[in-house]
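Trainee: I'd like to learn how to read a structure like this one. Could you walk me through it?

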Amino acid sequence: MVALDSSGLGRLVESATRVLLTGPEDPDGDSFGACLALQRAIRSLTDARVDVAGVAGFRYAWLPGAAEMVPDQAIAGPYDLAIVLDGDRHRLSPPVARAFHRAATTAIVDHHDTTSAQGYTLALIDREAESTCGMVLGLMDAWGLPLDHAFAEQLYVGVIFDTGGFRYSNTSAATHRVAARLLDQGIDHSAIAIRVLMEQRRAGMLLRARVLDTATFHADGAVVLGCVTQGVARQLGATRLDIEGIVDPMVYVQGCEVAVLLVERGPAEIKLSLRSRGLVNVAEIARALNPSGGGHQKAAGVLVEAPLAEVRERVIRELEAAVEQTRAA
Ligand SMILES: [Mn+2]
């Protein structure tokens, strides 16, 4: 881990009376866990009012503090301090973005490859960290805050979400040391892993079957592509949380290097989730499709405002070219 300016963030926190914590639009487990843990950490240090933006769906509703979250549309401010965690200010929902940019001071705590430190009062970026939750634990250590059971549950969610249950290459010895400290708090780690990584609604299972059944292969099988149309999602009663995780196993078809899932959110609004085994940098692909896209080399996302068929053709072309380049190299 790199040394973070934890004292700088501590000073911003100490002088604030209203604080906004937020992940990007459509937060994942790392973002939820990090926001809720940092909320408890700040509350134990100051009397500030601390809002966490968002709504935790079925997968995260059990998290300590989740019931108190404030839906994005109800975020108004003004805030003295706004902190974005596990994503950057370019990926906030419109009402949260407005509150963020009106805040007197802003900060970011993030570990994404594509995140820039520009545009914040203070930026804490650690690209070596497996998760933003791991970074929040580092902040708590620097601030002298002891772990407890609720902190451990919140932080464990991010650690297992971002490492795929300790399987991805971002898992380090430090990751396991963090996990050991969290398990020392007596959390039911197996129950958390089931809720966060394995459990799905019936609509999610049916949607997964549909996506896999209709997946197409390109670049001699190096690219696999799946689609979730609005029609199919409506027919199955599937929500955004039912889509989470579908793309992950697709990249492990033998011969595959890259998987992409296209989710039709509107007639000209397509969310892409990309996964790579490592040869192709999918964060770069995401940025090529839209400058607001990005993420990690092996896992990235982007929103493209164009019809599904058009986006599909574009991403196939981009990925075929990227695979071709690695073969030529
Ligand atoms: Mn993360």
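Predicted model: local features only at pLDDT ≥ 70, side-chain atom pairs only at ≥ 80, totals over all residues.

Trainee: Let's start with the sheets. What is the strand order in the open sheet of five strands, and what is the pairing?

Mentor: The order is β2-β1-β3-β4-β5, and the pairing is parallel. β2 (49–52) and β5 (122–125) are the edge strands, each pairing on one side only. From one strand to the next, the twist averages 15 degrees.

Trainee: Can you show me one pair in detail? Over how many bridges do β1 and β3 pair?

Mentor: Four bridges: β1 (residues 18–22) and β3 (residues 81–85) pair in the parallel sense. Look for threonine 22, which stands opposite valine 84 in β3.

Trainee: Which helices go with that sheet?

Mentor: Helix α1 (residues 6–14) packs on it, touching β3, β4 (105–110) and β5, and its direction makes about 135 degrees with that of β5. Then there's helix α3 (residues 94–102), which lies across β1, β3 and β4 and runs at about 135 degrees to β1.

Trainee: And the sheet of six strands: in what order do they come?

Mentor: Read it as β6-β7-β8-β9-β11-β10, an open sheet with mixed pairing. Its edge strands, pairing on one side only, are β6 (216–218) and β10 (294–295).

Trainee: How do I see the mixed pairing?

Mentor: Go strand by strand. β7 (residues 223–228) and β8 (residues 258–266) pair in the parallel sense over six bridges, with cysteine 227 opposite leucine 262 in β8. β8 and β9, on the other hand, run antiparallel and are joined by eight bridges. Those two form a hairpin with two residues between them, and glutamate 264 has isoleucine 270 in β9 as its bridge partner. Moving on, β9 and β11 also run antiparallel, with six bridges; there, arginine 275 stands opposite alanine 299 in β11.

Trainee: Where do the side chains point in a strand?

Mentor: In a regular strand they alternate between the two faces of the sheet.

Trainee: Why is β9 described as largely enclosed by the rest of the structure?

Mentor: Because seven of its eight residues are buried. There's also helix α12 (residues 308–328), lying across β6, β7, β8, β9 (269–276) and β11 (299–304) and running at about 165 degrees to β8.

Trainee: Now, how do I describe two helices packed together?

Mentor: You give the angle between their axes and the distance between the axes. Here, the axes of α5 and helix α7 (residues 189–198) come within 10 Å and cross at roughly 55 degrees. On the α5 side the contact involves Glu153, Tyr156, Val157, Ile160 and Phe161, while α7 brings His189, Ile192, Ala193, Val196 and Leu197. Sorted by type, these are eight nonpolar residues, one polar and one charged.

Trainee: Last one: is leucine 147 buried or partly exposed?

Mentor: Count the neighbours. Leucine 147 has 16 other C-beta atoms within 10 Å, so it is partly exposed; buried would take 20 or more. You'll find leucine 147 in the loop between α4 (132–142) and α5 (149–163).

Trainee: What does leucine 147 touch beyond residues up to four places away in sequence?

Mentor: Ala152, Arg181 and Gln185.

How values were computed
Residues numbered from 1 in each chain as written. Buried ≥ 20, exposed ≤ 12 C-beta atoms within 10 Å, placed from the backbone. Contact = placed C-beta atoms within 7 Å. Pairing = 2+ DSSP bridges. Axes fitted to C-alpha atoms, helices over the stretch in contact; angles between N-to-C directions. Nonpolar A, V, L, I, M, F, W, Y, C, P; charged D, E, K, R; others polar.
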